[in-house]
Amino acid sequence: MRYFVAPTSIVRRIWGSADTVLFIFAGAAAEFALNKAVDWLYFTGRLPADPLDRLFSTVDYARRIVFAEQAGAEKAIDTIAAIHGAVEAKRGYAIPDWAYRDVLFMLVAYSMRAFEVLERPLRAEEREEIVDVFCRVGRRMGIPNLPTSYATWLVAREQHLTDNLLLSSYTEDLYRQYERHLGWARFQLLRGVQGMVVPASVRTWLALPDGQWLQPALGLYRATRQLSLSQWAKSAMLPAAYRARILALDAQPAEAAVPVKRGSCPFHHAPGADSRQRAA
C-alpha cells in the first residue's frame, strides 16, 4: 500500500506523540497570533470562540494526512483546500499566498523544534524529509513558490518572520481567549512552553519567558515519560474535558477514510466547492 508519508518517516514519529503535537501547537498558537493574516480567523470566529476545540480539530486533520494512505491523504488535503475556498468566496477575496505558506512553514518549524526540545537533535536527512512532506501538502493545495529543500525553506522562513508578524488587537484578544479557556496556571505553562520553542523574534514580540524555569520539570518528564506520572502531567496541561483527546494523540489514527467534518479546519465557515487550482 502506498502512503502519503512513509511508515518509517520521522514525520510519523513526531505527529504520533501527544508530547510533540502539544508543543507544536503551543508554538503555532503564539506565532499565528502575530501573523498579519490572523484577521481571517476572526472572520469565521471559530478560533477565538473556542481555541482548544480548534486545536484538536486541526490536529486531527493534520494527523490523518500524515498517517493516511495516498488517496486518503489527498482527499483530506483537497477538502482543506475546498474549505478555504468557501471562506474566501464568503468574504469576497482570497487569503494571500504568503499566509498559506506561513502556516506550512510553522508546521515545519515547530515539528522540528518540538522534537528537538523533547527528544534529540534532528539529522540532516530528517530535516529534509519534514520540509518535503509539508511542502507536498502545500503543492497539492496549489500554493505557489514553495521551497524544495531545507536550505531554501530556512531562507524563506526567515523572510516570512521578518515580513509577516505584527502585534495587533487580534494578538491581544487571542491571548485573552487562551487564558480564559485554560485558566491562569495552565496559561502560564503554555507561555513557558511557547518561550522554549518559538524564534527569538516571536518571543520578543509577545514578551514570553524563555522557558528555562521548565527545564527541571522537562528533565523529569523525559525520565518518567513511560510511567503513569508522565501521563498525569501530560493530562494536566489542558482542562479535564480534553484529557481523553490528549491521550488519543499517542495512538495512530484510523487510516481508512478521512471524513469531511464541519469545523475540522479553523478557517471553516461554510461548505463550498474548490476555488483554488490544485497542483497535480
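**View 1. Helices H2 and H7 are oblique to each other.** In this predicted model, the axes of H2 (residues 18-34) and H7 (residues 97-118) come within 8 Å and cross at roughly 135°. Axes here are lines fitted to C-alpha atoms, for helices over the stretch in contact, with angles running from 0 to 180 degrees between N-to-C directions. Under 35 degrees counts as roughly parallel, over 145 as roughly antiparallel, 65 to 115 as roughly perpendicular, and the rest as oblique.

View 2. Contact means heavy atoms within 4.5 Å. Sorted by class, the residues of this contact are 13 nonpolar, three polar and two charged. Nonpolar covers Ala, Val, Leu, Ile, Met, Phe, Trp, Tyr, Cys and Pro; charged covers Asp, Glu, Lys and Arg; the others, Gly among them, are polar.

**View 3. H10 packs against H11.** The axes of H10 (residues 169-182) and H11 (residues 184-197) are 7 Å apart, at an angle of about 130°. So this pair is oblique too. H10 brings Tyr175, Tyr178, Glu179 and Leu182 to the contact, while H11's residues include Trp184, Phe187 and Leu190. The class count is six nonpolar, one polar and three charged.

**View 4. Pro147 sits in the loop between H8 (124-141) and H9 (150-163).** With 7% relative accessibility, Pro147 counts as buried (under 20% relative accessible area, with exposed over 50% and partly exposed in between, using a 1.4 Å probe and protein chains only). Setting aside neighbours within four places in sequence, Pro147 touches Phe105, Cys135, Arg139, Thr152 and Trp153.

**View 5. Zooming out, the chain has 15 helices and zero strands.** Helices (H or I, at least four residues) and strands (E, at least two) are DSSP runs, numbered from the N terminus. The mean pLDDT, the predictor's confidence in each residue from 0 to 100, is 84. Over residues 256-280, though, the pLDDT is below 50.

**Notes.** Residues are numbered from 1 along each chain as its sequence is written, and side-chain values use heavy atoms, leaving out hydrogens and water. Local features need pLDDT of at least 70 and side-chain atom pairs count only at pLDDT 80 or more, while totals for chains, interfaces and linings use all residues.
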